[in-house]
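Me: Please take a close look at one strand pairing in this model. Then place it in the wider picture, chain by chain.

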Amino acid sequence: MPRRVARRAGAACVALALLTIGCEGARQEGGESSPAAITVLDPAEERVLGPVWDDTPKFLMFLPLVNFERGSSCGEPTPALAERWEHSPDYRVWTVWLRGDVLWHDGVPVTAGDIKFTVDLLKHPDVLNYNAFGVDSVEVLDERTVRIFLTEPGRWPLEGWVTFYPKHLLEELDPKEFYEWEFWTHPVGDGPFRYVRHVPRTMMELEANPEYYRGKPRIERVILRFVAAGSGTGLLEMRSGNADLTSFLRPVEAKQLALDPRFRVHYRVSTSHASWLVYNPRNPLFQDVRVRRALTHAVDRRALHAALDLPDDLPLTDAPYTVCQFERRELAEPWPHDPVAAARLLEAAGWRDEDGEGVRERNGKIFRFMTLVPPQEARAALVLQAQLHRVGVRMELQRLDGSLIAERIREGNFEAVIPPTWGIQPVLISSPGGSGRLNAVFTEAYASIVGLFDAAGQEPDFTERERLFRELARTFRRELPATYLYPRASPIVARRRIHGFDHDGWIPPAWRWAFGGLEWLWVEAQDRTP
Amino acid sequence: MTRYIARRLLQAVPLLLGIATITFFIVHLAPGDPMDMYLQPRFQGQANPEVIELIRQKYGLDQPVTVQYLRWLGNLARGDLGESFRYRRPVASLLLERIPFTLQLTVLALIFDALVGIALGVFSAVKQYSLLDRSVTLGSLILYSVPGFWLALMLVLAFSVNLGWFPTSQTRSLDHDLLSIWGKTLDLAWHTVLPVFVLGIASAAGTARYMRSRLLEVLSEEYILAARGRGLRERTVLLNHALRNALIPILTLYGMSLPFLLGGAVLIEKVFAWPGMGLLAVEAIGGRDFPVILATTMMAAVLVVIGNLLADVSYAIVDPRVSYGGQGKGRG
């Protein structure tokens, strides 16, 4: 009997211990936010602010030369680390004057030497960081002035992506171990937030920088919580109240959270990344513009967006655009969804459904083509397939990895393709380094479009670039080498207690990095959790 | 025994070499360019080919595949696993960071499996056809059939999101570094409960079924009847005679289950944002991170070899009739 009692007592102790652990944990986890603190989910780890990840969170800690943010004029940069700048007439030499009131978080002033040091470091043969592509050299003119020499005409200093590192802390370190430097796990930056502490593979805590040149941010503490993307964990973390803000949920997850009154969903629409159905101009099926236009009429893009859980008011167009044109909604008018017009155009081009089997034929050949589809577009492709079938066109799908599709595009070995994440521009334009276009096929067929794309892509002058794009849009809409499907719209889910997003729905694309915008957000006093 | 272990280890060398060769060529001959993944998405398709070429040279990707293979093999022999394309860091240091997390998960899951699976199997066998036996049988079948990731998500929804008893994900709390040693231990244990339960419960269900049938088989042996006939207490018969013999094949099962647990950990690590080797391998495959794919595959292969070896060695330890040294009493 005493043994049985002892066993039961043991079991009770184990249960009690588990309960205690649970309660203890719940207490720790429940303390989600102290005043004006927010927890942000991120799919990275403690090196998130460094060059390995090279992603938007770096702007919490480090400043670029220029910014693109609210209030900036139509996608044109606003000063950040750079106070002003000038360029030579051929856009190869840029002179940049730095602000005099920016300090590293350890109190040392940011100087021209830091700019040169960073570029030289990124170009170092042991580092080979792509952020220095296009820069030939940097010359320090004085403490606050640098001259940047580019390998080709361009706007590198105004791209606003490269951030700079403190020479006085890093110059003694070995570039061979650049990506492993301990510095990246507890960095010293010059941006709006500064490092406090981190728990490996778990979180990093930052605090508002009181010395920040634009004044201390209103969010006092930012906790970056590291959670793997794509596992559904982000959704659960938001639901359980462990996080306030995230920008890496899938659209379907964001849609679920939009139904929860605690959250508000904003969408960040990319101007450079969109999905297109691109037709191979060498394929006889697509050489008739009436066919390309018919296919565009046949696609119901609103239905497509709904099927992809995208917002129902995404802008529609049928030509590429610039940031400015997107913000002003100066987009080429889209060809409407009109199956009747599609059928009429196909018949005019000789494609008829003679045998009543639901697929059009011409000279005994049925209207059938194969589309290469990257995994992330599989759902969109299925919707398109069904929509085209309704007008008697059979689109078959071949699902391939993105890099394989890139190879097939380079070789011109495809009938139709939905290019992977990078959209249509690399298919049509020359790379900035003058590498030649990915696919010569398009140059032969659409010389004027490719020429305009090339010219606009390499045009450093803002006004001229806008003009070239307007001209491009007109030609593109007329020629329709591809059908526009949807712009990439990434949901940003935030708890309602966080204020400062421009308005309920859209985040302007110029304010393109969620993390760079954290310095503009705030939490009202009544919303703060004690 | 030492000679046997040495022989088995030597035999494993050509096996591992074969696995290394096949994996290397499958990974490298698969179409697609790892450089497409190396670049940050905003640079993909637009980067300067000269710089891309320099990066290619840095990683030896400009060389013929056979040259790359020989170089990789040479480096592997020296313990150099290369540098990750994604993390730009030595693969060895990445693995060293990740292995403790996976070991924490898998070792605890194995212990959980052993404790729960064997105990339930024994109870089930001893109380054959009782309500307990039927409940264990039904529960085992259900748990064995349920996909681990689904069970994980359901448990997180119930115990983390709704009840708030356990953390939703991760291995530590946000204030882990500020806790006392005791607090840190509790914190780690608290984060481990759900993932270990999910990872261990399916195999525990399997173990329970196996243990039950094995024990029932042993309990019907004549030497058990003889033991009972000698007037030994039922507990002694069960623990000293039946259980020890019934456990022998279970040990083999555990040795073999080591790589399977690692495979299961991949999904569990993903759901619980557990930064182990499984998650690293999945990310590497998605990002064409050749050095990491090769290293994690080799790790899995080594685990299979070690698992098998452990199973055989433990078999000999538990069963005195088995000897690998050629001097044993029995059939070895």
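Reply: Start with a pair of strands in chain A. Strand 11 (residues 245-246) and strand 18 of chain A run antiparallel and are joined over 2 bridges. Strands count as paired when DSSP finds at least two bridges between them. Across this pairing, A:T246 stands opposite A:V493 of strand 18. Buried means under 20% relative accessible area, exposed over 50%, and partly exposed in between (1.4 Å probe, protein chains only).

A word on the basis. This is a predicted model, where local features need pLDDT of at least 70, side-chain atom pairs count only at pLDDT 80 or more, and totals for chains, interfaces and linings use all residues. Residues are numbered from 1 along each chain as its sequence is written, chains are lettered from A and ligands numbered from 1 in the order in which they are written, and side-chain values use heavy atoms, with hydrogens and water left out.

Now the rest of chain A. The chain holds 16 helices and 21 strands. Both are DSSP runs numbered from the N terminus: helices are H or I with at least four residues, strands E with at least two. Of the 530 residues of chain A, 58% are buried. Among contacts in chain A with a separation of 6 or more, 68% link residues 24 or more positions apart. Contact means heavy atoms within 4.5 Å.

Helix 12 of chain A covers residues 402-411, and its buried residues are A:G402, A:S403, A:L404, A:I405, A:A406 and A:I409. Just after helix 12, A:G412 adopts a positive phi of about 75 degrees.

Chain B has another make-up. Its secondary structure comes to 12 helices and 0 strands. Of the 332 residues of chain B, 45% count as buried. The C-alpha atoms of chain B fill a box of roughly 85 × 60 × 40 Å along the principal axes. For contacts in chain B between residues at least 6 apart in sequence, 72% join residues at least 24 apart.

Last, surface areas (Shrake-Rupley method, 1.4 Å probe; for residues, only the protein chains shown count as cover). Chain A exposes about 20900 Å², with 51% supplied by carbon and sulfur atoms. The accessible surface of chain B is about 16100 Å², and 68% of that belongs to carbon and sulfur atoms.
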